[in-house]
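Let's take a friendly walk through this protein, one region at a time. Have the sequence and the 3D view at hand as you read.

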Amino acid sequence: MHASHRDNLDAALARILTETPDSRVSWFALTEGERLFSAGDPADTFYILQSGRLGVFTPREGQQAEFVGVVQPGTPVGEMSMLADTAHTANVVALRDSEVIALPRDAFYEISRAHPDLMAEVARVMIRRTRQKGTTDFPSVHGFISAREAPIRPFVDSILAAIEAEGYRAKIIDREAMTLASDWFTRVEDTHDFVLYVAESSDPAWANLCARQVDRLFIVGDPAVAPPPQSGRRNGDTELVHQLTDLILLSPTPVSQRPRSQPWLEVMSPGRWFHCQDGSAHDVQRMARIITGASVGLVLSGGGARAYAHIGVLRALRNAHVPIDFIGGSSMGAVIGAGPALGWSQDELEHRIQDAFVRKDPLSDIAVPLVALTRANKLNALLKEAYGNLRIEDMALPFFAVSANLTSGRIEVHREGKLRLALRASVAIPGVIPPYVHNGQVLVDGAVLRNFPSDVMRRFNRGPLIGSDVSQTRGVNAEQLENPPSWWRWIMSGAWKQGPPIVSVLMRAATLSTSAELAEARAQTDVLILPKPEGIDIREWKAFHPGIAAGEDAAKAALAALDRPVVDLRRPAPKPFVPAPAENEGPVAPSPVRSVLARLLPQRKPQRADKATS
C-alpha cells in the first residue's frame with residue numbers, strides 16, 4: 001500500500017484518539033517469529049502495524065501454508081474478517097520485532113460511528129486491496145548471508161545492478177551500517193524499492209542481525225563443501241517463518257558437474273533452493289527477477305497425448321524470449337516440463353519426447369488387467385534410460401511433479417528425490433499404469449486430484465504464472481466407444497499398441513476436473529494458454545507434430561493479447577523519489593498514532609491486547 005494511504009489512516013486514528021482518548025486501545029510488541037493470530041481465531045480486534053514487518057500465510061489442506069505477502073507499518077491487518085464477523089483465514093506472524101496497535105471490535109465500531117472518516121479510510125484500504133487482488137505488499141527487504149568461504153558481495157552487487165537496470169531504487173546494506181541507529185534502517189527501507197542486506201561468513205554477529213531485519217532470507221552456500229551448522233536462521237514459528245529462508249548454491253562449475261545438493265537441504269531445510277554459477281549473467285538476472293516479482297512460473301497440465309501441445313507452448317515462449325524460472329506439472333505435463341528444468345534445448349526436448357513416446361510407445365506392453373492394463377516395464381525402462389539417478393533438487397531450475405496419494409487422499413508434491421520415480425508416480429493413470437508404491441503409500445497420476453497444479457506453483461513463485469491447460473479439450477473418440485472394433489480387427493490393425501478403447505475412458509476420467517476446480521486453478525494464472533489439439537485422442541501417441549502445432553498457435557495468440565511483457569505483469573511500480581537519508585540524520589519522528597499513545601500510555605510499555613486492561 002502506498003505510503004500516503006498509510007499516512008491518511010494513521011493520521012485519522014491519531015486525531016480521533018487525541019479528541020476522544022479511549023483506554024481500550026492497547027499498544028504491544030511482538031518478537032520475531034511470534035504470531036499475531038492464527039487461521040480460525042476469532043477476529044474480534046482491529047490491528048494496525050506501527051513498526052516492523054508481519055508475514056501473512058494462508059493454510060492449505062494437506063499442504064504447507066502459502067506465504068502471500070508482508071504487512072508494512074501503518075497498515076491494518078485482519079480487518080476484513082473483523083468487519084465480516086468471521087474467523088481469521090490466515091496466520092500472521094512477525095518477521096522481525098514489531099509493534100502493533102489494537103482496538104477491540106466494539107470500541108472500533110463506537111469510534112467509527114462517531115468519526116465516519118475512520119471507516120472511510122479503512123474502506124479505501126480494503127477496496128485498494130481488492131482491486132490489486134491481494135491483501136499485502138510484496139517483500140522488498142532481502143538478506144544474503146554467506147555460508148561459504150569465498151565472498152558473496154560481488155554476486156549481490158551484480159543482482160543490485162540488475163534490479164536498478166529495471167528502474168528501481170535499490171541499496172545494499174553491509175556491516176558498515178552496524179553502528180547506525182535503527183531509525184536510519186527504517187528510512188532506507190522507506191526511500192528504496194528494494195534493500196539487500198549482505199553478510200559474509202566471517203561476520204556471524206552481523207549475519208544474525210541481518211536475519212532479523214529482512215522479509216526474505218537467502219543463505220548462499222558452496223555445494224562442493226559440506227554445509228556448516230545452521231546459521232543465520234530465523235527464530236520463532238518454524239513452520240511458517242522458516243519457509244521464508246531460501247538456499248542459493250553458488251559455484252564456479254555448471255550444475256551438471258556439481259555434487260548432490262541433498263546435504264545442504266538436510267541441514268538448511270530451505271523453503272526454496274536455487275542453483276547459480278559465479279559470473280553467470282543469466283543467473284544474476286534470474287535472481288533479480290525473483291526479488292522484484294518478475295520471475296516466471298510455468299505450469300503444465302496432464303492430458304495424455306494431447307499434452308504434446310505443451311512442447312509447442314515452450315517453443316513459442318522461447319522464440320518470444322520469455323524467461324522461465326520455475327516449472328511444474330502433473331502427469332504428462334510433468335514429463336514434458338522436466339526437460340527445460342534440466343536445461344534441455346528445444347531441439348533436445350522434442351527429440352527425446354518423440355523418441356520415447358512415438359517411436360518406443362511406453363504404454364504398449366499390454367497385460368492381463370489384474371492391477372492395470374499395462375505392465376509399465378517399458379515405461380520404467382525408458383524413464384531410467386532418460387533420467388538415470390538424477391535428483392529433482394539437483395536440476396537447473398526449481399521443478400515439481402504432482403501425484404495423487406490414494407493412501408492419504410491428498411496430493412503429493414515431488415520436489416526432492418529421484419526424478420524418474422517422481423515422474424513414474426505422476427503418470428500412473430489408474431487402471432492403465434500400475435500405481436507406484438513408496439514407503440507404503442500408493443501413488444497414482446497427479447491428474448486424479450490436481451490436473452492443473454497452479455496453486456502449487458503459486459506457493460513458490462510470487463511472479464507471473466503461465467499456465468498451459470489441455471484438461472478440457474475433447475480427448476475421447478465417441479465413435480470408437482459407441483461402435484468399438486471387433487477383437488480380431490483391433491489386433492490386425494495394430495491399434496492394440498494404443499491399448500483398447502477403455503484406455504481412453506480411464507485416461508479421460510483421471511484428468512477430468514470439475515468446472516469449479518478448474519476455474520479456480522485457471523484464475524491463479526496471469527497468462528492462460530488453452531491449446532486445442534482437436535481430433536487427437538488422449539492415447540494417440542503418434543499425433544506428435546499436430547499436438548505441437550496446436551500448442552504453439554495457442555501460445556502465440558495468448559502472448560499477442562498481452563499489453564506488456566510477461567515479466568512485467570506482477571512487478572510492483574517504483575516508489576516516488578524521496579531523498580535517501582544521510583547516515584548522520586537525526587531520529588525519525590514517531591507516527592501520529594504512536595505520539596498520541598505515548599501520551600495516553602506514558603509508561604511506554606507495549607503489551608498484548610489480551611493482557612491490556614480495559
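A residue is called buried when its relative accessible area is under 20%, and exposed when that value is over 50%. Keep in mind that this is a predicted model.

Which way does strand 15 (residues 297-300) run relative to strand 16, parallel or antiparallel? The two run parallel and are joined by four bridges.

Elsewhere you will find an open sheet of four strands in the order 2-7-4-5, with antiparallel pairing. Strand 2 (35-37) and strand 5 (63-71) are its edge strands, each pairing on one side only. On average, neighbouring strands of this sheet are turned by 30° against each other, direction ignored. Strand 4 (residues 54-60) and strand 5 run antiparallel, with six bridges between them.

**Helix 14, inside and out**

Now turn to helix 14 (residues 377-387), where L379, L382, L383 and Y387 are buried. Why do these residues share a side of helix 14? Because they cover an arc of only 105° around the axis, they sit on the same side of the helix. On the other side of helix 14, K384 and E385 are exposed. What covers the buried residues includes helix 12 (332-341), helix 13 (346-359) and helix 15 (419-426). Following helix 14 comes G388, whose phi is positive, near 55°.

**Aromatic rings**

How many aromatic pairs does the structure hold? There are 16 of them. A pair of aromatic rings is described by the distance of the centres and the angle of the planes. Two of the pairs are listed here.

| Pair | Centre to centre | Angle between planes | Geometry |
|---|---|---|---|
| F108 and Y109 | 6.0 Å | 55° | tilted |
| F400 and F460 | 6.2 Å | 50° | tilted |

F400 lies in strand 17 (residues 399-405) and F460 in helix 17 (residues 454-460), so this pair ties together parts that are 60 residues apart in sequence. Both F400 and F460 are buried. Are the members of the other listed pair buried or partly exposed? F108 counts as buried because its relative accessibility is 0%, whereas Y109, at 26%, counts as partly exposed. Beyond these pairs, W184, F185, Y197 and W206 form one aromatic cluster.

**Cysteines**

How many disulfides does a search of the whole structure find? The search finds zero. Among the cysteines, C210 counts as buried because its relative accessibility is 1%. C276 is buried too, with a relative accessibility of 0%.

Technical notes: Residues are numbered from 1 along each chain as its sequence is written. This is a predicted model: local features need pLDDT of at least 70, side-chain atom pairs count only at pLDDT 80 or more; totals for chains, interfaces and linings use all residues. Side-chain values use heavy atoms; hydrogens and water are left out. Buried means under 20% relative accessible area, exposed over 50%, partly exposed in between (1.4 Å probe, protein chains only). The arc is that of the directions from the helix axis to the C-beta atoms. Contact means heavy atoms within 4.5 Å. Rings of Phe, Tyr and Trp (its six-membered ring) pair if their centres lie within 6.5 Å; planes under 30 degrees apart count as stacked, over 60 as edge-to-face and the rest as tilted. Two strands pair if DSSP finds at least two bridges between them. Axes are lines fitted to C-alpha atoms, for helices over the stretch in contact, and angles run from 0 to 180 degrees between N-to-C directions. A disulfide is a pair of cysteine sulfur atoms within 2.5 Å.
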